[in-house]
Amino acid sequence: MKAKSVAICIFFVFLAVSLFSRQSVGAEWLDEFEDICSKVMIGDELTVEELQGIIERADKLKSVIEASENPSKKVYLMRLQKCRAFFEYAIELKADKKPDK
């Protein structure tokens with residue numbers, strides 16, 4: 001009986017954390033953040049134009065995050081900057097790979 005009560009409590013704690021943590025970080029921009037940074041995994045497959053588009057999206061999102069009241073915004077800004085830097089690096093690599101004509 002005690003184990004069942006503990007399991008139920010753990011379930012509700014997990015449910016509450018997963019529901020409220022997303023709301024507390026500002027779900028309106030979190031989806032865009034996750035979409036941008038998830039592209040790091042396929043960055044080498046993207047074209048230069050696609051990479052530049054992602055960089056533009058990251059720049060727009062940066063101002064949205066800076067304006068938010070989220071206490072974790074410094075963490076998200078740092079992560080976004082690292083993702084953006086990777087995309088810039090990928091563009092540089094693609095430019096270096098082009099054969100000289």
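Good morning, colleagues. The structure is a predicted model, in which local features need pLDDT of at least 70 and side-chain atom pairs count only at pLDDT 80 or more, while totals for chains, interfaces and linings use all residues. Residues are numbered from 1 along each chain as its sequence is written, and side-chain values use heavy atoms, with hydrogens and water left out.

I begin with the overall fold. The chain has 4 helices and 0 strands; helices (H or I, at least four residues) and strands (E, at least two) are DSSP runs, numbered from the N terminus. Along the sequence the pattern reads α-α-α-α. Of the 101 residues, 24% count as buried, where buried means under 20% relative accessible area, exposed over 50%, and partly exposed in between, with a 1.4 Å probe and protein chains only. Among contacts (heavy atoms within 4.5 Å) with a separation of 6 or more, 69% are between residues 24 or more positions apart.

I turn to the aromatic rings. The structure holds 3 aromatic pairs. Rings of Phe, Tyr and Trp (its six-membered ring) pair if their centres lie within 6.5 Å; planes under 30 degrees apart count as stacked, over 60 as edge-to-face, and the rest as tilted. One of the pairs joins Trp29 and Tyr76, whose ring centres are 5.1 Å apart with planes at 80°, so this pair is edge-to-face. It links distant parts of the chain, since Trp29 sits in helix H2 (residues 27-38) and Tyr76 in helix H4, 47 residues apart. Both Trp29 and Tyr76 are buried. Another pair is Phe86 with Phe87: the centres lie 5.8 Å apart and the planes stand at 70°, so it too is edge-to-face. Phe86 is partly exposed, at a relative accessible area of 29%, whereas Phe87 is buried, at 0%. Trp29, Phe33 and Tyr76 form one aromatic cluster.

Two further residues deserve a word. Ser68 is placed in the loop between helix H3 (48-67) and H4. Ser68 has a relative accessible area of 12%, and is therefore buried. Its side chain reaches the backbone oxygen of Ile65 at 2.8 Å. Leaving aside neighbours within four places in sequence, Ser68 is in contact with Trp29 and Lys73.

Arg84, finally, lies in helix H4 (residues 73-97). Is Arg84 buried or exposed? Arg84 is buried, because its relative accessible area is 18%. Beyond its neighbours within four places in sequence, Arg84 is in contact with Ile55, Ala58 and Asp59.

Terms used
A polar contact is a pair of N or O atoms within 3.5 Å; within protein, one must be able to donate a hydrogen and the other to accept it, and residues adjacent in sequence count only if both atoms are side-chain atoms.
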